[in-house]
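Here is a quick tour of one chain, starting with a few single residues and ending with the overall picture. Keep the viewer open as you read.

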Amino acid sequence: MIEKNCLLFIWSFTLAITSTQAVLNFEDENFFSTTADLYDWSKHPCNRQCRDGDAPRICRYVFVVEQYSTMSKACYNCPNNMADCLRSHCLPGDGNQKMVYTVNRMLPGPSVVACHNDMIVVEVRNTMMSESTTIHWHGFKQKNTPYMDGVPFVTQCPIQPGETFQYIFNASQPGTYFWHSHIGTQRSDGLFGPLIILPYPSSNIHRSMYDVDVHPMIINDWMVPDGATALIKTYHQIADVIPTTIIINGLGRVEQRVQGNRRPSVLTAAFAVEKGKRYRFRLIDAGAEDCPIEMSIDRHTMTIINVDSNPIQPVEVDAITIWPGERVDFILNANQDVNNYWIRYRGYGRCQDTANPNNGIFQVATLQYKGAPLREPTGAIGYNLPPRRNNMRVLNPYQKGTESAPIINVNIPDLSSISPDDPTLRPNADVQLFVNFDFYPLDNYDFHRKNLYGFNQVASNMRIGSLQFNNINLKLQSFPLLSQRNEIRADTFCNSTNLPARDCTKTQCACTHVLQVGLNQVVEVVFVDEGRYGVINHPLHLHGHFFRVIATENLNGPVTIERVKQLDRLGRIKRRLDRPPLKDTMKAPGGGYTIVRFYADNPGYWFFHCHFEQHTAVGMALVFKVGEHSDFPPVPRGFPKCGSYKPVM
């Protein structure tokens with residue numbers, strides 16, 4: 001009886017924790033010794049009710065980055081004693097011990113919350129022994145502050161062990177963003193957290209649609225080996241490393257049998273609601289692998305109001321499919337019976353069983369109504385439970401574009417932006433760029449070296465294709481392009497126009513891949529996933545800009561740039577130029593095309609890459625140079641420098 005009451009207390013306390021996201025102001029040098037505020041996000045002075053007419057504030061945060069562990073000794077007897085799972089510094093994760101990267105020993109890391117036009121100041125202290133890091137503010141444009149974008153060797157030098165770097169930028173656009181490391185595989189192993197910029201009432205277009213805004217829901221795929229080990233195994237052994245579960249706000253329920261009964265081995269993420277109220281959820285996919293995640297809530301629909309921090313005309317759906325890097329704000333009306341309901345998540349791509357599509361990785365969280373019994377929801381859980389209805393309305397469905405039935409599937413280009421039309425929507429763009437990609441069967445210097453263990457020299461189950469943009473692997477310089485631009489030489493950059501002597505389809509081309517566009521040009525980018533060697537929905541992310549998604553389609557048969565151009569000449573590609581949605585991350589359907597447009601009004605060097613972390617690590621990225629160096633904001637005084645050292649002999 002004592003154990004039962006203890007578990008009920010833990011369940012109730014967990015709901016209180018996970019229904020608010022921790023926001024901490026670690027200005028005390030001895031912050032690790034203070035635990036009272038660990039789960040109380042309300043104590044940060046910038047997490048407040050934003051009121052019209054109030055003066056902006058300076059919002060200071062301290063991020064202490066370190067390597068840590070889930071299920072560490074701080075967890076004592078967790079999960080056998082579930083109360084121990086709630087101890088300070090205990091990160092349950094999925095119940096396995098795993099090396100993780102953390103900020104302030106939290107998983108996910110602390111939420112950064114501010115009101116529109118506040119000044120955000122985040123001091124990052126790298127206390128790791130041997131690894132560098134940076135923090136990228138995903139989706140945030142950094143207009144006039146490109147040096148704060150957090151991309152190593154593009155906008156800044158890496159933050160070395162023992163160093164401190166202070167990010168300072170204006171919270172210039174309300175929305176749901178998130179922060180994450182932009183080095184190696186640190187994001188896949190825990191170095192991420194929400195960035196929420198709250199609007200003032202007078203500019204909050206959807207304010208009348210909800211009563212409460214307290215529910216960030218940050219999800220990500222998760223695996224037992226750390227990301228670096230998985231990367232090495234994938235590219236130097238056999239590519240069979242896949243995620244093992246999904247975690248929600250740092251918790252990944254795994255069931256185990258105890259004396260013949262099944263019970264969760266760690267805490268289950270939970271979200272508290274009160275009947276009759278409407279809640280704004282901020283769904284963030286911080287995942288790192290090819291694992292798009294579909295989310296639904298038993299007996300509840302969701303009304304989508306924002307995608308990637310940009311407001312849209314509300315759309316009601318039954319499920320949401322979200323890719324790494326994307327954010328979706330939705331409203332949930334707590335209008336069902338007072339009870340507990342499963343929130344269900346299931347993965348596609350590498351998280352789906354290729355031999356049996358009805359099996360794969362899944363996870364659950366709990367929606368608990370105030371006054372409901374302190375017990376789990378009823379109803380079985382599993383990958384394909386409950387069975388999908390034929391009329392289920394799914395936002396952003398997996399492996400589908402506008403060729404699918406719009407009555408059931410709500411594709412991204414079908415959404416209507418509330419943001420006014422801009423120059424990108426005039427009939428013709430100033431410049432059109434094509435970006436093709438696939439898994440190319442090449443000898444790659446990094447993992448298929450010619451005459452040693454080349455692509456065709458090893459067994460077929462050990463081959464892995466080279467992921468490239470326009471048949472080029474990105475290799476950055478040893479200095480940041482933006483802040484040390486005076487070191488750029490005439491031969492530093494490459495692209496398909498200055499590699500005419502090489503056939504990059506047969507021999508690997510690896511260099512600093514940069515595409516130049518003029519300041520204030522309308523740029524149309526056509527992503528072409530050729531899909532000859534592998535079919536994946538890649539999430540493509542552009543830094544420094546939002547883009548309009550004007551077309552996307554899966555195609556049958558061979559897909560090439562020439563075929564897409566021919567379809568366009570024949571008038572078979574319909575561009576939506578009337579308020580298409582604004583985004584910064586967009587899936588490209590495998591074996592098809594996606595067309596986006598952006599207004600190049602933010603001068604600087606801006607990273608563009610696949611948001612699967614392993615794909616970026618092996619060079620599926622390029623850099624947009626927007627404007628000329630004379631257009632760039634000046635380098636901040638005292639900005640750190642780095643680079644190679646070669647003594648003159």
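## Gly95 and its loop

Gly95 sits in the loop that runs between β1 (58-70) and β2 (98-103). Keep in mind that this is a predicted model. With a relative accessibility of 29%, Gly95 falls into the partly exposed class, because that class covers the range between the 20% and 50% cut-offs.

What does Gly95 touch once its neighbours within four places in sequence are left aside? Its contacts are Met71 and Val266. Thr321 is another matter: it is 226 residues from Gly95 in sequence, and the two C-alpha atoms are 26 Å apart in space.

## Met129, out in the open

Met129 belongs to the loop between β4 (119-126) and β5 (135-138). Is this residue buried or exposed? Its relative accessibility is 78%, so it counts as exposed, the cut-off being over 50%.

Even so, Met129 has contacts beyond its sequence neighbours: not counting residues up to four places away, it touches Gln67 and Pro161.

## Two cis prolines

The one from Leu107 to Pro108 is cis, with omega near -10°, and Pro108 is in the loop between β2 and β3 (112-115).

The bond from Leu385 to Pro386 is cis as well, here with omega near -15°. Pro386 is placed in the loop between β21 (362-369) and β22 (394-395).

You'll find Asn470 in the loop between β26 (466-467) and β27 (473-474), and at 11% relative accessibility it counts as buried.

Asn520 also has a positive phi despite not being glycine, near 70°. Its loop connects β29 (510-517) and β30 (522-529). Asn520 is partly exposed, with a relative accessible area of 40%.

Asn537 lies in the loop between β30 and β31 (538-542). Its relative accessibility is 0%, so it counts as buried. Which residues does it touch, not counting those up to four places away in sequence? The list is Trp323, Tyr398, Gln399, Lys587, Ala588, Pro589, Gly590 and Phe612. One of those partners, Gln399, is 138 residues from Asn537 in sequence, with a C-alpha to C-alpha distance of 6.5 Å.

Gly619 is in a loop too, this one between α4 (613-617) and β37 (621-626). At 4% relative accessibility, Gly619 counts as buried. With residues up to four places away in sequence set aside, it touches Leu467, Ile472, Asn473 and Leu474. Gln477 is 142 residues from Gly619 in sequence and 13 Å from it in space, C-alpha to C-alpha.

## The chain as a whole

Now zoom out. The chain has four helices and 37 strands. Its radius of gyration is 24 Å, close to the 26 Å that the globule rule gives for 649 residues, so it is as compact as a globular protein of that length. Along the principal axes, the C-alpha atoms fill a box of roughly 80 × 60 × 60 Å. Of the 649 residues, 59% are buried. Among contacts with a separation of 6 or more, 78% are between residues 24 or more positions apart.

## What the record says

The unreviewed UniProt entry gives the feature "domain: Plastocyanin-like" at residues 89-199, 215-372 and 499-628. For residues 89-199, the model has 0% helix and 39% strand, and the end C-alpha atoms of that span lie 32 Å apart.

Notes:
Residues numbered from 1 in each chain as written. Predicted model: local features only at pLDDT ≥ 70, side-chain atom pairs only at ≥ 80, totals over all residues. Heavy atoms only, no water. Helix = DSSP H or I, 4+ residues; strand = E, 2+ residues; numbered from the N terminus. Rg over C-alpha atoms; globule rule 2.2 N^0.38 Å. Buried < 20%, exposed > 50% of the residue type's maximum accessible area, 1.4 Å probe, protein only. Contact = heavy atoms within 4.5 Å. UniProt positions renumbered as here; feature names shortened; annotations may be inferred.
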